[in-house]
Amino acid sequence: MKRSEINHIVDEAMAFAHSLGMRLPKFAYMSAEDWRQADLASWEEVLDLELGWDVTDYGSNDFYRSGTCLFTLRNGSVSNPKYPKPYAEKMMLIEDGQVLPYHFHSFKMEDILNRGGGKLCLKCYWATADDKLDQERPIEISLDGQKRVFAPGEKIVLEVGSGVTLPPRLYHSIFAEEGKVMSWEVSKVNEDHTDNTYLEGCPRFSQIEEDEPMKWCLCNEYDKIRH
């Protein structure tokens with residue numbers, strides 16, 4: 001991805017959140033220059049746990065076809081006792097027609113919710129022992145506290161205000177219809193470096209072409225502004 005594209009996507013994300021009346025934590029609005037001038041010792045939790053902005057195209061080179069813009073508000077750590085918080089929370093902004101590729105988590109259980117905009121859609125399959133799609137096993141999950149059963153790959157539609165619980169080893173692809181969606185994730189601790197298995201083996205983070213200066217520092221880039 002180009003840095004200019006990332007800068008623009010984060011600008012758009014802030015504007016969309018504002019249009020829905022959503023205010024984010026202070027560090028969401030800190031520019032790369034703000035971070036360079038900040039007392040980083042006081043922001044150790046944000047830096048260590050990689051809270052903040054996350055823009056990825058999963059190696060597709062086409063963000064608006066396959067990608068997402070996320071903001072992690074809070075998280076814990078499965079390996080560092082300094083951060084014992086057992087849960088995570090993040091915002092995911094999904095463009096109309098944009099698709100997050102099929103993936104599952106070995107550890108994390110998560111609730112995916114529609115907080116505003118269009119319709120949030122998912123397609124799910126259980127993972128087989130060799131990490132393929134189970135084409136036979138029904139998808140029994142909780143949708144807003146109600147037990148629901150879906151066929152493998154059947155489209156699950158979440159209207160604004162609705163959410164679904166996704167257990168570990170459940171492949172899921174997420175996309176939006178009838179407008180951009182503010183999706184929300186409430187989960188166990190999130191570990192993006194080790195707990196994502198992608199069906200097609202795509203990378204979690206994008207390589208960045210520096211075609212203009214960094215305006216917003218992504219969550220996996222804090223080493224670039226540490227001093």
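Guide: A strand here is a DSSP run of E, at least two residues, and strands are numbered from the N terminus. The model you see is predicted.

Visitor: How many helices and strands does the protein chain have?

Guide: The count comes to 3 helices and 11 strands. Along the sequence, the pattern reads α-α-α-β-β-β-β-β-β-β-β-β-β-β.

Visitor: What makes the protein chain as compact as a globular protein of its length?

Guide: The globule rule gives 17 Å for 227 residues. The radius of gyration of the protein chain is 17 Å, close to that value, so the chain counts as being as compact as a globular protein of that length. Its C-alpha atoms fill a box of roughly 55 × 40 × 30 Å along the principal axes.

Visitor: What share of the residues is buried?

Guide: Buried means under 20% relative accessible area. In the protein chain, 52% of the 227 residues are buried.

Visitor: Why is Phe-104 called buried?

Guide: The cut-off is under 20%. Phe-104 has a relative accessible area of 0%, so it is buried. Phe-104 lies in strand S4.

Visitor: Which residues is Phe-104 in contact with, leaving aside its neighbours within four places in sequence?

Guide: Contact means heavy atoms within 4.5 Å. Among the residues that meet this for Phe-104 are Ala-127, Asp-131, Tyr-171 and Asn-196.

Visitor: How many cavities of 30 Å³ or more does the structure hold?

Guide: There are 3. The largest cavity has a volume of about 140 Å³. It is lined by 18 residues, and the closest to its centre are Leu-70, Met-92, His-103, His-105 and Glu-185.

Visitor: What makes a space like this a cavity?

Guide: A 1.4 Å probe fits there but cannot get out.

Visitor: Which strands each supply at least two residues of the lining of the largest cavity?

Guide: They are S3 (87-94), S4 (99-104), S5 (110-126) and S10 (170-188). The largest share, 3 residues, comes from S10.

Visitor: How does the lining of the largest cavity divide by class?

Guide: There are 7 nonpolar, 5 polar and 6 charged residues. Glu is in the charged class, so Glu-185 belongs there.

Visitor: What is the volume of the largest pocket?

Guide: The largest pocket has a volume of about 250 Å³. A pocket, unlike a cavity, is an open set of points.

Visitor: Which residues lie nearest the centre of the largest pocket?

Guide: Asp-48, Leu-49, Asn-75, Asn-190 and Glu-191 do, out of 18 lining residues. By class, that lining has 5 nonpolar, 8 polar and 5 charged residues.

Methods:
Residues are numbered from 1 along each chain as its sequence is written. This is a predicted model: local features need pLDDT of at least 70, side-chain atom pairs count only at pLDDT 80 or more; totals for chains, interfaces and linings use all residues. Side-chain values use heavy atoms; hydrogens and water are left out. On a 1 Å grid over the protein atoms alone, a cavity is a set of points where a 1.4 Å probe fits but cannot get out, and a pocket is an open set with protein on both sides within 12 Å along at least five of seven lines; lining residues have an atom within 4 Å of a point. Grid points are joined across faces, edges and corners, and a volume is the space filled by probe spheres set on the points. Helices (H or I, at least four residues) and strands (E, at least two) are DSSP runs, numbered from the N terminus. The radius of gyration is taken over C-alpha atoms; the globule rule is 2.2 Å times the number of residues to the power 0.38. Buried means under 20% relative accessible area, exposed over 50%, partly exposed in between (1.4 Å probe, protein chains only).
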